[in-house]
Amino acid sequence: MQNKTFRNLFMLPYALWIIIFVIAPILLVVYFSFFDINGNFSLTNYKNFFTATYLQMTLNSFWYAFLITVISLLIAYPTAYILTRTKHKQLWLLLIIVPSWINLLLKAYAFIGIFGTHGAANRFLEWAGIGSRQLLFTDFSFVFVAVYIFIPFMILPIFNALDKLNPSLLYAASDLGASKWTTFRRVIFPLTLDGVKSGCQVVFIPALSLFMLTRLIAGNRVITLGTAIEQQFLVTQNWGMGATIAVFLIIIMVGFMALTSIRRRGV
Amino acid sequence: MEKKSSSLANLFLLFIFFILYAPIFYLIFYSFNSGGTMSHFEGFTFDWYRELLHDTRLLIIVLNTVVIALLSALIATITGVLGAIGIRSYKRRQTRNTLLSLNNILIVSPDVIMGASFLILFTMAGVRLGFYSVLLSHVAFSIPIVVLMVLPKLMEMSSSLEDAARDLGASHWNVLTKVTLPYIAPGIFAGFFMALTYSLDDFAVTFFVTGNGFSTLSVEIYSLARRGVSLNINALSTLMFVITVIFVVVYYYLASRSGTKGANLRR
Amino acid sequence: MAKKPIIQFNHVMKQFDDDAPVLDHVSFEIEKGKFYTLLGPSGCGKTTILRLIAGFTEATSGDILFEGKKINHVPANKRPINTVFQDYALFPHLNVYENVAFGLRIKKVKKADMDAKVKEALSFVNLKGYENREIAGMSGGQKQRVAIARAIVNEPAIILLDEPLSALDLKLRYQMQYELRELQRRLGITFIFVTHDQEEALAMSDEIFVLNKGKIQQSGTPNDIYDEPINRFVADFIGESNIIRATMIKDFLVEFAGKQFECVDQGMDPNEAVEIVIRPEDMEITSVEQGSILVTVQAQLFRGVHYEITCMDDAQNTWLVQSTKKVNIGEKIGLRFTPEDIHVMRLNESEEDFDRRLDAYGEDENNAK
């Protein structure tokens with residue numbers, strides 16, 4: 001009995017947090033999505049969302065997020081794999097992580113300089129004989145910078161999965177006659193799939209909702225769901241429409257989480 | 001054969017490290033440029049640093065950022081630790097899993113959604129946008145991180161340890177302060193640290209819930225960067241990079257001393 | 001009972017949710033100053049009894065008495081009882097001294113007294129001079145000793161030991177068995193020891209409770225339990241045994257393996273179906289002519305001190321025999337045993353009835369003399 005009062009006392013602030021900052025905000029977003037710009041209850045926002053403009057934007061946002069995730073994965077997997085094979089791998093891993101600790105804005109800002117008309121990237125292109133071109137404010141630069149930012153987050157879970165892999169499994173595979181490629185395809189990759197999945201989760205969902213990069217790097221050429229929400233809330237002041245897009249973003253997010261869900265052992 | 005592939009791998013790794021660090025050093029390099037652009041290095045100067053140190057507005061913003069980070073991390077750590085202890089005390093698996101799912105909602109939800117929904121929440125609740133709204137938001141998104149850092153430590157603690165303390169005459173309060181808290185101290189420490197970095201790093205949520213009179217570093221950099229290149233941002237990022245590196249070194253020193261693996265710092 | 005029991009269980013029940021009860025109306029008494037062992041397979045409820053005595057869990061129904069007073073709702077920290085845990089449960093953030101001093105600090109014992117007591121407790125467990133060691137750097141055996149020191153330093157009325165030796169290797173385990181027994185004698189504190197290892201129980205205890213499925217099957221001294229197991233479970237769990245279905249023709253005459261044998265048991269109904277136990281070490285291998293029964297050797301393992309031989313008689317009963325003599329597989333041999341080697345068990349006899357019956361023929365024997 002005494003135990004329970006003790007526990008309830010502990011849980012009070014935490015429970016308040018769950019109610020006020022987890023449950024209430026979701027309900028409020030859903031609630032606001034049913035009000036048009038004049039504050040009338042209606043389904044206008046949902047009707048609007050299913051018009052070509054918004055669907056096109058959603059599709060675009062998806063496409064970019066997909067692209068960013070796939071490219072990150074293609075770079076991160078081999079990197080993580082090589083990292084697990086190095087001596088002092090924890091140190092190297094730390095060096096991979098350090099850049100992710102630098103403020104996001106500063107990294108984006110660095111690319112404004114690098115991709116600028118006279119920036120390092122263009123000078124390299126000139127030197128290579130390709131000639132300078134407009135880099136900043138293109139979808140290329142957007143994808144590039146996004147991949148740059150997300151790569152450490154993709155490497156980390158894959159590294160952990162690879163690191164946990166029991167080396168005798170690999171010996172067993174080669175003992176049973178598997179080639180290196182077969183071992184990778186049939187043993188290593190399936191066993192690190194959970195790491196890949198959580199890597200995709202931490203990249204895909206934020207990539208859908210990035211808005212700062214689209215403004216700074218893509219110069220509004222790319223509009224993601226995140227940009228649209230920010231636009232509706234802070235520029236147009238149409239909270240209802242913003243909330244509606246947010247509802248769809250949440251639905252997509254939940255769907256994606258379910259799709260890449262990992263069977264976790266209960267805690 | 002073996003050697004060739006490993007040198008190729010090293011080359012790849014080197015390339016990744018180059019890509020990851022080049023932008024950061026690019027920023028740092030031009031912070032000493034007397035030319036005023038991020039493309040032509042004219043001469044060495046400390047001007048931008050001098051300017052930075054005389055910019056009282058910016059210094060106040062730095063102070064705000066630090067105060068918000070420390071305060072929010074502190075409050076989040078206390079709430080999160082109590083919450084984690086509470087979660088563990090529920091023996092039913094279903095209750096625990098429900099609580100954990102609720103806990104993780106804010107971790108997986110995109111910044112934009114969090115920002116937008118908190119904006120609605122504060123507006124509805126009549127909280128004026130500014131210091132308190134930013135502080136509350138930061139506390140809100142840090143709590144689940146603390147819980148996730150503390151809970152594994154708690155779960156790893158054999159329940160016989162608490163039984164032993166009770167057996168030796170300890171009251172509930174004694175058990176908490178003499179056994180549980182010291183045992184999970186590395187987790188608490190890591191949680192606090194993570195909360196600190198999330199707060200320092202946050203841009204999107206703050207951007208939504210900050211009012212006109214209040215700004216944090218990330219928001220400030222964003223508005224400066226939108227106006228284009230200005231080298232005192234470079235100087236600022238150099239300082240922040242140095243501080244980050246010191247932070248990481250200290251953290252790793254402390255973490256390795258307390259015997260916890262510090263590799264999984266983020267996410 | 002002459003002495004007042006220190007712990008008494010009256011029809012104690014323990015049940016989690018709607019599962020089958022972990023303890024099913026368990027009653028027993030524990031006397032002061034003895035070494036008790038709760039013995040049984042995992043899941044038999046032995047650890048639950050320990051947790052109930054320690055106060056980590058509460059009984060669903062029934063009374064638990066300490067020195068005659070009901071303590072069902074007294075929390076663990078208010079009971080003069082200390083536990084040595086299976087995983088030792090030493091506090092990893094404290095050194096040896098602080099671990100041992102934990103209980104004393106809570107009681108706010110003066111520094112000088114505390115020093116003396118910790119020192120004494122550590123010397124009791126042969127860990128003099130280990131005060132400043134960190135727990136992480138200690139071996140299993142040393143951790144074990146610290147855990148014991150941490151319990152005895154509080155001078156409890158009872159020490160509970162939850163399979164404390166299970167994590168140690170065989171040699172260390174034997175050594176600790178001697179040390180624990182010796183420690184209990186010197187301190188005179190009641191020890192309640194939980195184990196699933198029957199050898200450990202036989203070696204150390206004054207009194208053993210054999211448990212199965214939440215019920216006490218049999219209690220008694222190690223000798224009683226080994227020589228006169230009450231039922232198939234106890235006979236099988238304690239030591240190796242040959243358990244054979246038999247018929248009690250009349251007092252002192254039992255039939256099994258197609259033959260009638262003299263025995264020393266009585267008090268059953270005529271022609272009652274029973275089971276008999278003969279310990280493998282009680283049988284002697286002889287020639288076919290000299291044997292009490294005739295068997296064929298089926299398998300043989302060398303166990304170091306003896307051979308373990310599996311045989312089968314003509315009635316398809318399997319017999320396990322221990323012998324220093326080697327035999328050949330397929331060989332026909334005789335097995336000889338005396339009436340005293342045969343122990344007859346009634347099916348489903350309660351402990352009370354069993355004791356009554358045994359007492360009854362104790363009297364007969366006395367009369368005969």
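Here is a short tour of a few spots in this predicted model.

Residues are numbered from 1 along each chain as its sequence is written, with chains lettered from A and ligands numbered from 1 in the order in which they are written. Local features need pLDDT of at least 70, side-chain atom pairs count only at pLDDT 80 or more, totals for chains, interfaces and linings use all residues, and side-chain values use heavy atoms, leaving out hydrogens and water.

Let's start with chain B. UniProt, in an unreviewed entry, lists residues 62-251 as "domain: ABC transmembrane type-1"; positions follow the numbering used here, feature names are shortened, and annotations may be inferred rather than shown by experiment. That stretch is 85% helix and 0% strand, with its end C-alpha atoms 21 Å apart. Helices (H or I, at least four residues) and strands (E, at least two) are DSSP runs, numbered from the N terminus.

Next, accessibility: buried means under 20% relative accessible area, exposed over 50%, partly exposed in between (1.4 Å probe, protein chains only).

| Residue | Relative accessible area | Class |
|---|---|---|
| Cys44(C) | 1% | buried |
| Cys311(C) | 0% | buried |
| Ser42(A) | 16% | buried |
| Pro270(C) | 63% | exposed |

As for disulfides (cysteine sulfur pairs within 2.5 Å), the count over all chains is zero.

Ser42(A) sits in the loop between helix 1 (2-32) and helix 2 (44-49) of chain A. Beyond neighbours within four places in sequence, Ser42(A) is in contact (heavy atoms within 4.5 Å) with Ser33(A), Phe34(A), Phe35(A) and Asp36(A).

Over in chain C, Pro270(C) lies in the loop between strand 13 (259-262) and strand 14 (272-278).
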